[in-house]
Amino acid sequence: MQKAKRAGLYIRVSKEEQALHGYSLDAQENKLKEYAKSKGYKIIDIYRDEGITARKKPARRAEFMRMINDVKDNRLDCILFIKLDRWFRNVSDYYTYQAILDQHNVTWETTEEEYNTNTAQGRLYLNIKLSIAQNESDTTAERIKFVFEEKKKRREAISGQNGLGYKIVNKHLVKNEDAPIVVDIFEAYIKLQSIRKVMSFVNAKYNKNYTFRRIRNVLSQKKYTGEKYGISDYCEPIIDIDTYNTVQKILSKNIKWTPSGRSYIFVSLIHCPCCGNILTGAYSHNIKYRNNHYYYYRCPNHQKNHNCPFYAIPENIVERELLKIIKPSIESFIIENISLNSTDNKNQITKSTIQAKLKRLKELYIEGFIDRKEYDLDYNKLQSQLQAISPKKSSKNLDKLKSLLDIDIANMYFELDRNHKQQFWHAICKEVKISTDKRVLNIIFK
């Protein structure tokens with residue numbers, strides 16, 4: 001008895017299509033299930049990309065990428081979708097992922113259209129359909145962009161998301177009864193210089209429940225000065241530009257924030273040793289380490305679609321490894337900079353010598369002592385020597401790093417709270433290099 005094909009059902013619908021044409025996920029799923037049953041296929045999984053437009057790149061379709069990973073793991077024999085435009089509306093994207101399917105002997109079928117890619121005529125028809133779908137998608141995008149640009153010229157609200165302090169009146173953003181809250185948020189932050197303190201103050205005063213993210217988002221919005229999309233008089237201003245600029249300066253000096261409001265000590269400093277992406281901070285309520293909550297840094301590429309083999313490194317391991325190597329690293333860095341300054345001085349002398357030779361060469365040519373061919377040959381040679389001298393910048397933090405050699409860094413470090421630990425590493429480090437076996441290999445100082 002022939003083994004049943006293992007099928008994956010792929011469903012995609014954008015918000016616009018769902019509203020206009022009734023392409024609901026449930027309707028697509030029912031059709032695909034009936035089709036699979038009629039063919040005797042075994043349904044392995046259902047991949048549902050809801051609210052995803054055809055213009056979005058495949059790598060940004062979470063369920064699509066999960067399905068591709070299942071293809072690579074040889075879990076599927078075929079993929080089912082109702083129409084070609086559910087699958088792709090871009091010719092180049094189609095062939096990129098078709099190559100992956102071919103590599104793993106996975107086919108695809110549509111329930112409402114018929115294609116035969118085994119013949120030249122069939123492939124031509126497929127390309128025509130894809131080109132038409134891509135053109136429709138591009139045309140729609142251009143039309144939407146044109147409509148938005150016209151709305152901007154008329155200073156009209158583009159979406160229904162007004163933001164705190166605004167309402168839409170006659171298609172324009174105007175201040176509403178919450179505008180004083182926005183003023184208090186900005187003024188309180190200038191005084192308190194802490195988002196958490198502002199959050200507590202505003203929630204208590206107005207009986208609200210604003211989150212850390214909400215307060216941080218308000219503080220970063222330039223539209224409260226009346227400027228939006230680069231247009232200075234787009235809407236009614238709630239605060240003046242000086243207040244906004246003052247807040248941005250304070251925000252830039254303060255510690256890095258996360259949507260949860262937690263402070264991740266090494267945020268933006270650690271890159272994945274496999275794919276190079278910046279590791280993102282994560283937190284666990286369930287795992288405990290020395291009576292503290294467990295912080296770690298994970299690769300977003302692994303987390304989203306498992307395209308990277310490296311998963312995560314615990315924060316306490318990074319701290320332990322860094323404190324082991326920080327003093328030797330600083331000493332090596334200082335020696336390197338001393339050598340660099342010496343090299344730069346030598347380079348300056350060499351550079352002056354080459355420039356003098358170029359000047360003399362020009363004089364010889366003008367006076368007729370050498371011909372053009374000889375001049376060009378010597379000129380190119382000297383220019384190559386000049387370009388080979390590339391002075392490097394020495395560190396501005398050299399004195400700060402030298403001062404760390406005179407103190408017990410480990411004892412000092414463990415007396416700091418999380419925020420000040422973060423400030424310490426971000427003040428001296430540009431990057432922390434780690435290995436796949438979760439060890440710190442190197443510190444790149446600022």
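**Helix α10**

I started with α10, residues 241–253, in this predicted model. Helices here are DSSP runs of H or I with at least four residues, strands are runs of E with at least two, and both are numbered from the N terminus.

Next I looked up burial (buried is under 20% relative accessible area, exposed over 50%, partly exposed in between, with a 1.4 Å probe and protein chains only). Thr243, Tyr244, Val247, Ile250 and Leu251 are the buried residues of α10. Down the helix axis they fall within an arc of 125 degrees, taken from the directions from axis to C-beta atoms, so they line one face of α10. Asp242, Lys249, Ser252 and Lys253 are exposed on the other side. The buried residues pack against α7 (179–192), α8 (195–206) and α9 (212–220), where contact means heavy atoms within 4.5 Å.

**Notes on method**

I number residues from 1 along each chain as its sequence is written, and side-chain values use heavy atoms, without hydrogens and water. As the model is predicted, local features need pLDDT of at least 70 and side-chain atom pairs count only at pLDDT 80 or more, while totals for chains, interfaces and linings use all residues.

**Aromatic pairs**

I then checked ring pairs (Phe, Tyr and the six-membered ring of Trp, centres within 6.5 Å; planes under 30 degrees apart are stacked, over 60 edge-to-face, the rest tilted). The count comes to 14 aromatic pairs. Phe64 and Tyr97 have ring centres 5.2 Å apart and planes at 85 degrees, so I call this pair edge-to-face. Phe64 sits in α3 (residues 62–72) and Tyr97 in α5 (residues 91–103), so the pair ties together parts 33 residues apart in sequence. Both Phe64 and Tyr97 are buried.

Phe186 and Tyr224 are also edge-to-face, at 6.1 Å centre to centre and 70 degrees between the planes. This pair links distant parts of the chain, with Phe186 in α7 and Tyr224 in the loop between α9 and α10, 38 residues apart. I get a relative accessible area of 0% for Phe186 and 1% for Tyr224, and each is buried.

I also found one aromatic cluster, formed by Tyr264, Phe266, Tyr295, Tyr297, Tyr413, Phe414, Phe424 and Trp425.

**Glu321**

Last, I looked at Glu321 in α12. Glu321 is buried, with a relative accessible area of 3%. Leaving out residues up to four places away in sequence, I see Glu321 touch Arg439 and Val440.

Methods
The expected span of a helix is 1.5 Å times one less than its number of residues.
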